[in-house]
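Open the model in your viewer and keep the selection panel handy. We will go from stop to stop, and at each one you will hear what to select and what is there.

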Amino acid sequence: MRWLVTTLLCCSLAHGLKDLGAPNWSCDASVMAKSKKVPTSAHSVRFADIKVIGALGDSLTAANGAGAQPGDPLAVILQYRGLAFQIGGDKSLDEHITVANVLRKFNPTLVGASKGIGSENVWEVSHLNMGVPGAESKDIIGQARALVNTMHAHSEINVKEDWKLVNIFIGANDICVYCEDPYFNSTALHGNATFEKNIIAAVQILQDNLPRTIVSLTGMFNMRMLRKIDKKKYFCEGLHTFECDCESNKQFTDDDIQGVCFGYMNAEKDIQNTGLFDNKDDFTFVVQPFFNGILDPPYASPGVVDMTFFAPDCFHFSAYGHGNIGMHLWNTIVQPVGFKQTSVNLSDPSVGLHCPSTNCPFFPTTKNSNNCASHFTLSELD
């Protein structure tokens, strides 16, 4: 398998903020092309076939604070949706890496990328970014319904014919209230089951109402990192206590936090491995697990946390953080299921964007990763 990477990656300062882009990125023409005929199977979708992008999640999907100036924690209440790593569309890929910006290289007419600053109920800003600050896994069920309704309401989207990519990232707020259960030490398995049940319910709504859809779930991250960011930073620690109740709960130990996060990761993997959403040929579900094995925050130098990665509250991602995460998410998306990276180096922005495989140029799924030949179709270049 041949991987192409960008030869130039840019860390630029836009409006005084550090950012991460991929100037002049492109791939082999054979993987940039659309299919000769619009595919009917989710396992034969080339990236250029994707016409619509959507997202469900919490404040990390809403990109709270991403465009905030350093030292301005009040600006974290602002939702900079146009910078969101999954679906932001404020800038070009040359300036800022997001999955939506990468996909626009394959299909410039992509619909759904969020732009500007605002809430999920303002179409001109959110478009198909349904992320809501404070959302827990139970809340993406309503977000899924809202996404379905919004797609059906807009004439530029052909719900029946267009191929759609829906991104999900959720779980941080579930952890932040987990310790409030007085029996949390004995309810880990129940909590994991509830988390899994909520995701299944949301994805089921998508499957029931959105044909020709691929759901890509960004795997849970290890929130034990929060306390490493806080170390000797009392301002950050104070903000985290306000934003995440369990952050300051001494009974909710680092091992407890990590254990719950690992449980959520396993729950996400279970949904994929059971094939629950591979029962229709025009719908599938894939987990992108690059966060799973990361135990440390990004570092500027050995032992020194790179605070430019974060918004002024030391938790949400900055514009640069979103660009960095967007890069690693894309690079995980193009890897085959079963061979996806489960850890990346957040401290190294020079990794670059990878290209889809020329041998199997389709969005990697559980089925085409196992046997690409059985799902192979011609491109418009063939």
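**First stop: the cysteines**

Select C176 and C244: both are buried, meaning under 20% relative accessible area with a 1.4 Å probe and protein chains only (over 50% is exposed, in between is partly exposed). Before going on, note that this is a predicted model, where local features need pLDDT of at least 70 and side-chain atom pairs count only at pLDDT 80 or more, while totals for chains, interfaces and linings use all residues. Residues are numbered from 1 along each chain as its sequence is written, and side-chain values use heavy atoms, without hydrogens and water.

Now show the sulfur atoms. A disulfide (a pair of cysteine sulfur atoms within 2.5 Å) joins C176 to C244, with S to S at 2.0 Å. Its S-S torsion is about -105°, so this disulfide is left-handed. C176 sits in helix α6 (residues 172–178) and C244 in the loop between α9 (234–243) and α10, so the bond ties together parts 68 residues apart in sequence. Helices here are DSSP runs of H or I with at least four residues, numbered from the N terminus.

Next, select C179 and C246, a disulfide with its sulfur atoms 2.1 Å apart. C179 is in the loop between α6 and α7 (188–209) and C246 in the loop between α9 and α10, so this pair ties together parts 67 residues apart in sequence.

Move on to C360 and C372, whose sulfur atoms are 2.0 Å apart in another disulfide. The torsion here is about 95°, so this one is right-handed. A search of the whole structure finds four disulfides.

**Second stop: helix α10**

Within α10, pick E268. E268 is buried yet has no salt bridge, and K269, the nearest side chain of opposite charge, is 11 Å away. A salt bridge needs a side-chain nitrogen of Lys or Arg within 4 Å of a carboxyl oxygen of Asp or Glu; Lys and Arg count as positive, Asp and Glu as negative, and His and the chain ends are not counted.

**Last stop: M223**

Finally, select M223. Beyond four places in sequence, its contacts (heavy atoms within 4.5 Å) include C176, C244 and C261.

Note on methods: Helix = DSSP H or I, 4+ residues; strand = E, 2+ residues; numbered from the N terminus.
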